[in-house]
Structures are given as structure tokens and as C-alpha cells.
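Dear colleague,

Please find the structure below, with the sequence alongside. My notes on what was found in it follow directly after.

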Amino acid sequence: MSEQQKNDNLVEIRHLKEYFNVNVGFFKSRPLKAVDDVSFTIKRGETLGLVGESGCGKTTVGRTILNLYKPTSGEIIYDGKPIKSKSDIKGFRKKATMVFQDPYSSLNPRMTVSDIIAEPLDVHDMYKSKEERRERILELMGYVGLNSEHASRYAHEFSGGQRQRIGIARSLAINPEFIVCDEPVSALDVSIQAQVINMFDELQEKLGLTYLFIAHDLLVVRHISDRIAVMYLGKLVELADAKEIYDHPQHPYSKSLLSAVPVPDPKTARANKRIVLSGDIPSPLNAPSGCPFRTRCAYATAKCAEAMPELKEISSGHFAACNIL
Amino acid sequence: MSLLEVKDLRTSFFTDAGEVKAVNGVSFFLDKGKVLGIVGESGSGKSVTAYSIMQILAGTGKIVGGSIKLNGQELVGAGEKVMKDIRGNRISIIFQDPMTSLNPTYTIGKQLMEAILLHTGRNKQEAYDRAVEMLKLVNVNEPEKRMKQYPHEFSGGMRQRVMIAMALACEPDILIADEPTTALDVTIQAQIIELMKDLQEELGMAIIMITHDLGVVAQICDEVIVMYAGSICEQGTADAIFYDPRHEYTKGLLSSIPTTSNDGERLRPITGTPIDLLNMPKGCPFAPRCDNAMKICLRERADSMQIDPCHKAACWINVRDMMKKEGAAGE
């Protein structure tokens, strides 16, 4: 397999929509547009950060990409091939995997660490002998900084940070190319968080991984990501290089989101003029027409209520969806 | 005399596995109109310190020593009758989770009025007016309509505003905020912090802000206490803590957080995992994780040393540096 033949875009999603039906009465249901017409690509070897507030659909995007939810419409293209049939999905899941947010509920309390880590190997039948399985487990534990003596223990014997390491070892078991990291550090203490972030960096270098890194902590996302996508109420509003989006955010929502980040520096904090948004995020069941942000936006005009503005390239590699740009 | 003086506070939880010293000799002052931040990781004792001040510890928890003085009045051992008068009236607390701190079966108005009727001599109509006034103060739209609604009709940010309104209704001298924005989104967090800052300036109360987020501390706090394993590592002004940290734990904490200035570099995390409070080491509790630990750190705990008038740290490295300096001066 030559490297040149491989597609430069590892993951591509086109017009992805994910609607959930929510019961609003005894016989009535209404669609909740968790993800509404989102398109982006993730290049091989890069980390794409996906940020937004709770309810914006960032986790749903991650799960829909892995086909944990069946997309309502839209295409997911992995390495040049669309993922549609069941056999596509099975093959795809040998290459793509996920790390979950909560290290407490994502590990089975009745399984030993070695069984947890080896479960993907068992599922995909990826070893020939017991010896090979054991060696692979120890190799994986080494990757994430766990000792071999931890293998026969149970998850409850570990702290949050160590549990997250077990979860990461499990997702590395199938030798993935692509990992969806869904808030992998938000449940951890600051000092442990930094250890895990560094580990993600090192593993990416060593194993050539591609990440979709979902988080709400913008400083963490900025640190780890090459490019960042910002979502609001199911829609993608801005996408650009990590540094570019922090230094020159263009969409009014990204601007206020970034100015709201509490910078751990008292002098900057005193000088900083925040754009404090008024009001709350509307319920996704009653999303405003047109641009979803218009109800909280200082620049909203009548035009914004008519249709969602297109995501357009405002400078090289910097996309934003806003009428004022 | 300071508004609040906490001296050598010790709080333990008596569990089946043994005594857990959750707060182990904490001392600090809080002056009128100041914002004091208490930072630390989970299990550092920051919340227990606050609960000890309010004396709302869970069943197995007990204050085993020290003193807490509010305007000179001793609160440790003062009895439930005195504390009832102080809680919600002179010291108020808001909790982390606005979803569970309100009673779902009563209207917001009823819950707001309850505190006012209990602590002030107002009659029902006056209490209602005061509740509406408080909702206006925390920027809740249409307060009269909101008074009749139930908590489930409010969003997270709105509920936290109601909690703040409730806590401030009796004009307390001290507001304790226990991770008030941790459960909220960034833009809502910014709203709540702005609101707390404005109210603090307007009403002149003192705030104890308990958080694990150094970003939040930088936004609002005048003074900061850094806690680890039940004791204070370092205390000082916000600027001293952020720009001139003198305890290895504080330094580690600051270099663990991604900022705009350590772009592209690896973070420098603290190695190891937080300490088990049941198995406390003899020396400095941070020594097992400290890269620069010396022999004495494992044997003995360092006393808090004054670095300048408003900056103290309990780290042997400061003692060593000072001795070196003195030695050099003596030669």
C-alpha cells in the first residue's frame, strides 16, 4: 500500500443531518434537529477540534460519524469510500473508534482491565493465540503508561485519570487510524488532565492517528487541535486553523464564545473587554428560523430570519456562515 | 478585626475505614468587600472548608479543632440556634449544581420568599416585593411571571441566578460560592461571573469563591488560597499566586493548564495521582508527586513562611533559598 495513493482527506462528511423524534404529546412527535446540514473534512494525521456549548450537537456529530446513530441523511466518506452498508460499517469500525467522556461509566465494573482492553480484539477476532492476546494487552498498557501488574485488577481500583488511560488503551486495541475523542479530559482534575492531553499528543506522533476532538474547554481544544470547528444549535458556524480562529474569530458567536473563556491570567482578565451574550441558548426543539444564533446576535437583521447563511470561505482555509461577512 | 477569621481549622470525617482529615489546619482572614478564591483539585478540602464555616457537614463529618470567628463571634461550638441565625442571614452559600439545589415542587417565588420570611421581619407582601426586587437585581426578565413558575421551567443559568437572588435576599456579609459556574456553559459562566462582580461592587459583600478553575479565579478574585490534601500550600494576592508562585504544587498547577503562551509546547503536568487521604504521608503531602522534593520534604511538613506581607507558602524550597541567601550575605 503506497502512501501516495491514500486519500489526503481521511474523513469527509457531507450535509450530515441527524434528527431525533421527540414525543411532545401522546400521539405527536416532532423532530429535534441535533445536527443540521453539517459538512467538513478531517485530513489524515490532523486533529480537528469541535467546540460548542451543551446541546449544540457536537457529541451527536461524533457518534453519527461512527454510525452509532444512523444518519437521517447525508454522507460519511472514509478514506474515499462512502460508508453505507452494514459490511462497510463493520470494516470501518476496525479503523475508527471512540474515547468516551466519563471514565466511571464507560468501563464495565465486572471485567478486569485486561478483558476491557482486549474486548475489541475479541469482537474483531484479531489474535491467533492466547499468548498473542496477552502480549497485545501488555503492549497497549505500555502505550498509555499502565503497569503490567494492573492487568488483572478491576476498574474501581483506579483513579479517574488511570481509568481514562484504560479507556484509551481499549480504543487503541484495534490499531485505529481515526479516533473520536468525546470530551476525554473534562471529567479529570487539572493536573491529571495535562497528563492525558500530553498522552494524546504522543500517541498521535507515534501511531499517526487522526483525531476528532470534541470538548467544551476552549483552552484545551486550542492546545491540541490543528483546526477548530464551532457549532451552535446543530449548525456549523465557523471552521478555521486553531490559531486563526482564536486570533481572528469572524462569526459573532465564535467571537463571544472566545471572549467568554476565562483566561488564567489576572492582568489580561482585568483588561479584557468581554462580549457577554444576553439570554440563553434556545431549545433545539424550537430552534429559530434561519440563522439559529440570530436571537442572541447583536448584528441580526431581517435577512437572518429567512435562511441559514452559507458557509463561505472568507480567507484561505477560514470558513464562516454569517450574513455580515 | 477581619470580617471572618479562620484559625487552624480541622475537620475530619469518621468513616469505617478510619479518620479522613479532610481539612487539616487551615487558617485565613477575609476582609469586608474582598473576593477570596479557594482553588484545589477534587479531595483537596476546599468544599469541606466552606461547609465547616456554615456547619452543614454530612453526618460523619465533624469539626475537631480550630476556630471560626465572624466579626469576633466564635462559631465553632456555638450551637445550632446561633448557626440558624447566621446561615442564610449573615453567611449564604450557593452550590455547584443549580439543577438539584431548588425544590422542584415549589414555585420559585415561594422558595425565594421562604428565606426572606424566615430571616427578616417582613410580612408576606413585603417579602413578595423583596423577592421580585431580587429577581430584577440578578437580571431575570419578567420577574412577576417568573415568581409563579417552577424550577423545571428555568434553564441552568437562570436557576443559578435564582440561587444567587435567594442567597443575597437577606443581604449577607459573606457569600460562599461553591463552584457556582462549573455546571454551566462558557457563555453562561461569563454572565454569572459578571453578575457576581457587579453585585459584589454594588452590595459590598465579601465572597469566598471555591473553584478548581484557575481561569475563574483570575477573573474575579483579589486573594487566592491554594489547597492540597486538606492543607493550604500557598496563599496570597491573585497577582502573587499567578505571577510569582512559591509552592511547587501551585507551579505545577499553573504549568498544567493550556494557555495562549505555551502554544505548540507540551504541557508540563504534575506526575502521579492525587493523594489518598486515609494514607497521608508524614512529610509534605505533595512530596510524593513533587519533582524537586528534598529529603526533608518526606520527613517533615514545612510551616507556612511569609514571603512578603501578603504572600505565604509552605514549601521547604523557600526555606532553602532563604538560607542560601543568608549564607551568601554572611560570608
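In β2(B), the residue standing opposite Phe14(B) is Glu19(B); strands here are DSSP runs of E of at least two residues, helices are runs of H or I of at least four, and both are numbered from the N terminus. The model is a predicted one, in which local features need pLDDT of at least 70 and side-chain atom pairs count only at pLDDT 80 or more, while totals for chains, interfaces and linings use all residues. Residues are numbered from 1 along each chain as its sequence is written, and chains are lettered from A and ligands numbered from 1 in the order in which they are written.

β1(B) and β2(B) are antiparallel and share 10 bridges; two strands are said to pair if DSSP finds at least two bridges between them. Strand β1 (residues 4-15) of chain B is also joined to strand β4 (residues 61-70) of chain B, antiparallel again, by eight bridges, and Val6(B) has Ile68(B) as its bridge partner in β4(B). β4(B) in turn pairs with strand β5 (residues 73-74) of chain B over two antiparallel bridges, where Lys69(B) is opposite Glu74(B).

Together the strands give an open, antiparallel sheet of four in the order β2-β1-β4-β5 (chain B). β2 (18-30) and β5 of chain B are at the edges with a single partner strand each, so one side of each is left without a neighbour in the sheet. α1(B) packs on this sheet and touches β1, β2 and β4 of chain B. The direction of α1(B) makes about 75° with that of β2(B); such angles run from 0 to 180 degrees between N-to-C directions, and axes are lines fitted to C-alpha atoms, for helices over the stretch in contact. Contact between two residues means that their C-beta atoms, placed from the backbone, lie within 7 Å.

**The eight-stranded sheet of chain B**

A further open sheet has eight strands in the order β6-β7-β8-β3-β9-β10-β12-β11 (chain B), with mixed pairing. Its edge strands, β6 (91-94) and β11 (305-308) of chain B, each pair on one side only. On average, neighbouring strands are turned by 20° against each other, direction ignored. Helix α1 (residues 46-54) of chain B packs on this sheet, where it touches β3, β6, β7 (174-178), β8 (206-211) and β9 of chain B, and its direction makes about 145° with that of β7(B). Four parallel bridges link strand β3 (residues 35-39) of chain B to strand β9 (residues 223-228) of chain B; Val39(B) has Val226(B) as its partner there.

Of the 13 residues of α5(A), 12 are buried, so the helix is largely enclosed by the rest of the structure. A residue is buried if 20 or more other C-beta atoms lie within 10 Å of its own, exposed if 12 or fewer, and partly exposed in between, with C-beta atoms placed from the backbone. The elements covering the buried residues include β6 (96-99), α3, α4 (130-143), β7 (178-182) and α6 (190-207) of chain A.

Helix α3 (residues 113-123) of chain A and helix α5 (residues 160-172) of chain A have axes that come within 7 Å and cross at roughly 30°. Val113(A), Ile116(A), Ile117(A), Glu119(A) and Pro120(A) of α3(A) meet Ile166(A), Ala169(A) and Arg170(A) of α5(A). By class, this contact has six nonpolar, no polar and two charged residues; Ala, Val, Leu, Ile, Met, Phe, Trp, Tyr, Cys and Pro count as nonpolar, Asp, Glu, Lys and Arg as charged, and the others, Gly among them, as polar.

β6(A) runs parallel to β7(A), joined by four bridges, and Thr97(A) is opposite Ile179(A). Both faces of β6(A) are covered, with Ala96(A) and Met98(A) buried on one side and Thr97(A) and Val99(A) on the other. In the loop between α5 and β7 of chain A lies Asn175(A), which has a positive phi of about 55° although it is not a glycine.

**Between the chains**

Chain B places 34 residues in contact with 35 residues of chain A. α7(B) gives the most to the side of chain B that touches chain A, with six residues.

With kind regards
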